[in-house]
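Please look over the sequence and the model shown here before reading on. The report below is meant for someone meeting this structure for the first time.

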Amino acid sequence: MRGVSRRLQQILGPNPHRDSFYYTDLLHLCKTTNSIKEAHAHVIVGGHEQDPFIATKLVDKYAHFAGSNIEHARKVFDNLSEPDVFCWNVVIKGYANVGPFAEALKVYDEMLCSGTLPNRYTYPFVLKACGAERASQKGQVIHGHAVKCGLNLDLFVGNALVAFYAKCQEVEVSRKVFDEIPHRDIVSWNSMISGYSTNGCVDDAIRLFYDMFRDDQIGGPDHATLVTVLPAFAQVADIHAGYWIHCFVVKTGMGLDPAVGSGLISLYSNCGYISMARAIFDQISDRNVIVWNAIIRCYGMHGLTQEALSLFHELVEAGLHPDGILFLCLLSACSHAGLLEQGWHIFHTMETYGVVKSEAHYACIVDLLGRAGDLEKAVEFIQSMPILPGKNVYGALLGACRIHKNMELAELAAQKLFVLDPHNAGRYVILAQMYEDVGRWQDAAGVRKVVKEKEIKKPIGYSSVELESGHKKFGVNDETHPFTPQIFQSLLKLR
């Protein structure tokens, strides 16, 4: 900082001909808040605080350092008598990046009231804030503004709209906007693939990934594409896609960074290739907590609990700080392995690392106690929780009641779930099946009647097979295949 300050002093020597470019060059040298304030003081002394060009650079510098400095940026902006569109954009961008996001929307409204017309750079910033706030209606209004300005087909605005609607879980609208963009770039494809993937539309994400290769304007996937699509391939356990992406990373020299590496670890893990997942982990030099989470989850989900616990100790020894997700992986591993004491120890260890216990962590302990058959202690644990138990906790309790055939406690847990998670058909099905197991047919019929009356839809089960043409799904009595008659005729011949 002293070096920067001396440099500022040298530049700020006697010079009667200081113009806008002089001060923007000066601000470009600033790398700390104090150096920005020092340069800001010279701007004021020089009488240039009303210069929109300098003010825009000053606002941008303050906003770049985030935190409380956004308020410094706002003060500079508020002091301008006639801010131009660029200065409005920089303030909106600052709030859209660091928050409060609602303030970005407020500044946008003030911009319209001032008579300043937004441009193609305004909408991406304000739509980003709408997405962060999940302000669906406000975003739709802003979309309308962009249409009126004739900017809705602009590449920057179109990409922002794709991301916005995806964040608001309106994937169909997001895809419609994507299809209307006349000249899509890699950001367009990545935004839409990410929208599908984060909203659980993994098949659509994968199809779009392959469609991207047919776009002559795109030279192939980049780092962001792989990070975005890997969770989708991991979910469907597509090992061939894993191999292809792994080879692509090696051939292109992209390198196994934490983002791509953790995605490959999860994919290999879901496919049952534990040794490959570990090989990827060992190749990543700058491992972060996300990478450790992926490999610990890998060992835990395959029943290698001691290996998972050993890796946890290695993580701590490496000086990294475990997060809530890592503890969820460990608690889940202990629960499935029946390691009651170790599970309790890990649960209490969370306080040592300052990790806040969420409802999901408490649910893991209920599951741990339930699997061990100690339902009475599980109930006592729920009653002593410092936070309100939710659907995860009572779901774990209901599952334990089913395992140990505790009908009375199951009814209590189910009643809680019918309030907390009323549209989850699985809760009703479990209780109905438990009634049937003990011969209470009338009660079972009553539960199934409620499901029918409330029109609660049960997710359709399906099987997936891997063929040369890709993964194919089919359900019971599925008649959607074009060769359905021939298939059923062949099955009849095999009887």
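## The protein as a whole

This is a predicted model, and its secondary structure comes to 28 helices and two strands. Of the 495 residues in the protein, 43% count as buried. The accessible surface amounts to about 26,300 Å², and 55% of that area belongs to carbon and sulfur atoms.

When contacts between residues at least 6 apart in sequence are considered, 58% of them join residues at least 24 apart.

## Helix H12

Helix H12 covers residues 186–198, and the distance from its first C-alpha to its last is 18 Å, close to the 18 Å expected for 13 residues at 1.5 Å a residue. At the start of this helix, a side-chain oxygen of Asp185 comes to within 3.2 Å of the backbone nitrogen of Val187, while after the helix there follows Gly200, whose phi is positive, near 80°.

Which residues of H12 are buried? They are Ser188, Trp189, Asn190, Ser191, Met192, Ile193, Gly195, Tyr196 and Ser197. The cover over the buried residues of H12 includes helix H10 (155–167), helix H11 (171–180), helix H13 (202–212) and helix H14 (223–235).

## Helix H15

At the start of H15, the backbone nitrogen of His240 has a side-chain oxygen of Asp238 within 3.2 Å, and just after the helix Gly253 takes a positive phi of about 70°.

The buried residues of H15 are Ile239, Ala241, Gly242, Ile245, His246, Phe248 and Val249. As background to reading such a list, an α-helix has 3.6 residues a turn, so residues three or four places apart point the same way.

## Aromatic rings

How many aromatic pairs does a search of the whole structure find? The search finds 24 of them. One aromatic cluster is formed by Phe209, Tyr210, Phe213, Phe233, Trp244 and Phe248, and Phe248 is also listed among the buried residues of H15.

Charged side chains lie over rings as well. Arg184 is placed over the face of Phe178, at 4.4 Å from the ring centre, and the charged end of Arg287 sits over the ring of Phe281, 4.2 Å from its centre.

Technical notes:
Residues numbered from 1 in each chain as written. Heavy atoms only, no water. Phe/Tyr/Trp six-rings, centres within 6.5 Å; stacked < 30°, edge-to-face > 60°. Lys NZ or Arg CZ within 6 Å of the ring centre and 35° of its normal. Buried < 20%, exposed > 50% of the residue type's maximum accessible area, 1.4 Å probe, protein only. Helix = DSSP H or I, 4+ residues; strand = E, 2+ residues; numbered from the N terminus. Polar contact = N/O pair within 3.5 Å; in protein donor to acceptor, adjacent residues only side chain to side chain. Expected span 1.5 Å × (residues − 1). Contact = heavy atoms within 4.5 Å. Areas by Shrake-Rupley, 256 points an atom, 1.4 Å probe, with all protein chains shown as cover.
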